[in-house]
Number of protein chains: 2
Amino acid sequence: MDEPVVLTGAGGRVGTAILEGIGPDYEWILFYHSNPDEVPVDDAEVVVGEVEDRERVDEAVADASAVIHLAGDPRPEAPWSSVLENNIHGTKVVLEAAAEAGVDTFAYASSNHAVGAFETDERKPDLYRTDDDFLLDGTELPRPSNLYGVSKATGEVLGRYYYDHSEMDVICVRIGNLTRSHPPKEYERGQAMWLSYRDCAHLFDRCLQADYGFEIVYGISDNDRKYYSIERAREVLDYEPSDNSAEYTFEGEPKEDG
Amino acid sequence: MDEPVVLTGAGGRVGTAILEGIGPDYEWILFYHSNPDEVPVDDAEVVVGEVEDRERVDEAVADASAVIHLAGDPRPEAPWSSVLENNIHGTKVVLEAAAEAGVDTFAYASSNHAVGAFETDERKPDLYRTDDDFLLDGTELPRPSNLYGVSKATGEVLGRYYYDHSEMDVICVRIGNLTRSHPPKEYERGQAMWLSYRDCAHLFDRCLQADYGFEIVYGISDNDRKYYSIERAREVLDYEPSDNSAEYTFEGEPKEDG
């Protein structure tokens, strides 16, 4: 990829995982909400602004070949006013700017919360366990667990709209539970949807490299417990995760035979 | 139904069709955007206000058993700022108010524009014709044709969210091309998705009467040309449309043998 990749929300957790993993592999334009204390990649261009500020976004995407859009209010309990403005409106601004600038590839950080209400009382906690067959594959209609999840599902609809009305490929990654080094401890749900830092970086690398049209995929490691299928990510992205929460004990330590 | 039905967007085209057809059958609270010249139903309570005004909506839904939510910017070409505020935010306000007031049934006017981008250049105009098998059934992910369609698809996601988090049944009706008396003339697409006034009133009557959980159905007459399935509406609502655009000539006149 000759032209730079714009990464919004560069200071967040997903951005950190991506830059730790594939920082040296691309020319980056890092879009931060506020001035970063430290920029994790040498020679990256830094832009500080709001993603709702169309002019600022236009400057950032002008010569980009790809955008990874992570910016937004990341709190599952975020109030409607914030997700309406930051997540729904902000994502529309970035998608439109990218489409109009001729960006080729747009990877959007959706969330497990777009489908969190599939975790009904009847299905819990069985669906977090390996002997349960329940599996979401990305073709299902959203069932958000909260208004944050509504905003993420709306971002997917916006992504579909800009895919259908521009030359840009769009992929929506429903990110699971991203943690550094080991899966969440004593939290079955988090173990089922665990995404390791290196798998996160690899997944977004594949989003930048692969050819697809419009896709919705689940972003989790290859956990034994999973109730999100990663088959579509394997198929369209050649996603090959390295990690599996089952290789850690319930306390978060690697298993000796893991 | 002993308690009143709130109808937002009462002055619009869909509201007019509903009230002409089933006006005498319910006790109505008609929510208008601006003062109506004339109220089409005797003894209806009239509320004038914005659906974004939570207090005004709270007053309207306080004792209601059902809400039919039609209000919003109805223009397919409406700008983002308007659909973000009126359609997305407005629908969230009405859904939340209804859920918190203990309303039993919420019928939401979604739109064919939520899925308009399925009408690709490759499929057109064949999909508007009777010898084509392409059929949408409401389980497909949205593909909006415009930002208005994005807002309508988002309303469906909000509907799902409030269904999953309240005691309220929610149905989303993807309304086709509603016209009075005869189908659109010399407009194949409009004939394929025609909804007659009487079928519209009957369909929303069924939305008020039937038991369902959460549903997305297509709101069209039983047109020969259709590329939207009405099977789900038949099944869950006992929708029995009376009209078919094929019973009219291309000029919009009833066929002699129709």
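Modeller: First, a cut-off: two residues are in contact if their C-beta atoms, placed from the backbone, lie within 7 Å. The model is a predicted one.

Biologist: What makes H3(B) and H4(B) meet, residue by residue?

Modeller: By that cut-off, H3(B) brings residues including Trp80(B), Val83(B), Ile88(B), Leu95(B) and Ala99(B). H4(B) answers with residues including Leu147(B), Tyr148(B), Leu158(B) and Tyr162(B). By class, this contact has nine nonpolar, six polar and three charged residues.

Biologist: Why are H3(B) and H4(B) called roughly parallel?

Modeller: Helix H3 (residues 80–101) and helix H4 (residues 147–164) of chain B pack at about 15°, with axes 9 Å apart. Angles under 35 degrees count as roughly parallel. The pair is therefore roughly parallel. The crossing of H3(B) past H4(B) is right-handed.

Biologist: Which elements of chain A give two or more residues to the side that touches chain B?

Modeller: The contact takes 18 residues from chain A and 18 residues from chain B. On the chain A side, those elements are helix H3 (80–101) and helix H4 (147–164). H4(A) gives the largest share, eight residues. That side has 12 nonpolar, two polar and four charged residues.

Biologist: Why say the copies meet through the same surface?

Modeller: 100% of the interface residues of chain A are also interface residues in chain B, so the surface is the same.

Note on methods:
Residues are numbered from 1 along each chain as its sequence is written. Chains are lettered from A and ligands numbered from 1 in the order in which they are written. This is a predicted model: local features need pLDDT of at least 70, side-chain atom pairs count only at pLDDT 80 or more; totals for chains, interfaces and linings use all residues. Axes are lines fitted to C-alpha atoms, for helices over the stretch in contact, and angles run from 0 to 180 degrees between N-to-C directions. Helices (H or I, at least four residues) and strands (E, at least two) are DSSP runs, numbered from the N terminus. Angles under 35 degrees count as roughly parallel, over 145 as roughly antiparallel, 65 to 115 as roughly perpendicular and the rest as oblique. A crossing is left-handed if the near helix is turned anticlockwise from the far one by less than a right angle, and right-handed if clockwise. Ala, Val, Leu, Ile, Met, Phe, Trp, Tyr, Cys and Pro count as nonpolar, Asp, Glu, Lys and Arg as charged, and the others, Gly among them, as polar.
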